[in-house]
Amino acid sequence: MKKKILTFILALTLIVSSALTLSSCGSKNEETLNLYTWAGMFPDEVIAGFEEKYSIDVNYVNFDYNETMLSKLEAADGGDYDLIIADDYIIEAAIAEGLVQKIDRSKIPSITNVNPVYQGQFFDPTDEYTVPYGAGVQTIVYDPAKVSVDIKGYSDLWDPSLEDSVGIISNYRVINGMALKINGKSYNTLSEDEIIAAGEKLKSLAPNIRLIKDDNIQDDLLSGEVSAAVMYTSQVTLAKMTDPSLEIVFPDEGIGFGIMGMFIPSKAPNSDAAHKFIEYILTPEIAADCYEYLGYYCTNSAAEEFISEEYRSFLTLPKEFTSENMEMIGNISAEADTAHLNVWTEFRALCD
């Protein structure tokens, strides 16, 4: 019996040893970068190029919502991940909670390539914690062959000729914000009365709404399901590249824009690898590849000349937009946010 047990132990040892050997052979490098962001943020060849250049494996982990990311980061007490890319407002919250470390700019010489337009914003006023990776605005796109009204701003979406033919994204702050801007108010107002007044304005848009969705709304415009739509920048790029006859409108009332930022958690296991990745991504040619892949505005001035001509007009913010007619949608009080949610719930019910 003892002999059988010994034989079994020896066999098990050989199996475990073989498994460990195979596992070791499967890993290309001893060093790893734990990257945490949405799926599909980089072309495969960009990730592969970084791994080859620095001999660092990229462990690409995805989240669905910004809030999911923050919960995971809080649970890890600022650890587990080396580099995170998320939206501006959630980064502000992470910084406030002490979950983000300062960037060592001496390790990122290419940080000078960042377009100043996207720096010094509310979530990181001194640019100590973040590096922009992309930006976007809420834009109206319409098919001129199917629209009789000359759309110049948000208010034109209320035109009766657009009944049951408008598509909108499902971000309640963006859509409620359209009515706020029409009323001459800030996206970030804390006045519940102003939010409620905007909600009343928004209700009158319901007859024109055909659909509300975040994913691939450009396909509904291209198929003719809707004749006009409020879209994210990446969706606008895809739509316009497919059908150049579509018209893009930057609303007269002003536009809201947002920034995706790269940041290093406070207890990142490999912050050195994170700095290397940021430097790599800021390389102009690499950055251009990323922006063409993403379809968001280029935040890297040095990359603009490397963006293909066919993309160039879509991936740079129009020069006529400045801080005076652009506003970032930021964090607001719990009371104001509740008012927004109530407005949105009532509006959605009318659209169903």
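Analyst: Happy to! Contact here means heavy atoms within 4.5 Å. Please keep in mind that this is a predicted model.

User: Which residues of α12 does α5 meet?

Analyst: Let's start from the α5 side, which brings Tyr172, Arg173, Ile175, Asn176 and Leu180 to the contact. By class, the contact of α5 with α12 has seven nonpolar, two polar and two charged residues. The partners in α12 are Asp337, His340, Leu341, Val343, Trp344 and Phe347.

User: How is α5 oriented relative to α12?

Analyst: Helix α5 covers residues 172–182 and helix α12 residues 334–351, and their axes lie 10 Å apart. The packing angle is about 90°. Angles of 65 to 115 degrees count as roughly perpendicular, so α5 is, relative to α12, roughly perpendicular.

User: Which strands stand at the edges of the sheet?

Analyst: The sheet is open, with mixed pairing, and its five strands run in the order β7-β6-β8-β5-β9. An edge strand here has a single partner, so one side of it is left without a neighbour in the sheet. That describes β7 (209–212) and β9 (247–249).

User: Which residue in β7 stands opposite Ile168?

Analyst: Strand β6 (residues 166–168) pairs with β7 in the parallel sense, over three bridges. Opposite Ile168 in this pairing stands Ile212.

User: What angle does the direction of α12 make with that of β7?

Analyst: Good one to finish on! Helix α12 packs on the sheet, where it touches β6 and β7. Its direction makes an angle with that of β7 of about 120°.

Conventions
Residues are numbered from 1 along each chain as its sequence is written. This is a predicted model: local features need pLDDT of at least 70, side-chain atom pairs count only at pLDDT 80 or more; totals for chains, interfaces and linings use all residues. Side-chain values use heavy atoms; hydrogens and water are left out. Axes are lines fitted to C-alpha atoms, for helices over the stretch in contact, and angles run from 0 to 180 degrees between N-to-C directions. Helices (H or I, at least four residues) and strands (E, at least two) are DSSP runs, numbered from the N terminus. Angles under 35 degrees count as roughly parallel, over 145 as roughly antiparallel, 65 to 115 as roughly perpendicular and the rest as oblique. Ala, Val, Leu, Ile, Met, Phe, Trp, Tyr, Cys and Pro count as nonpolar, Asp, Glu, Lys and Arg as charged, and the others, Gly among them, as polar. Two strands pair if DSSP finds at least two bridges between them.
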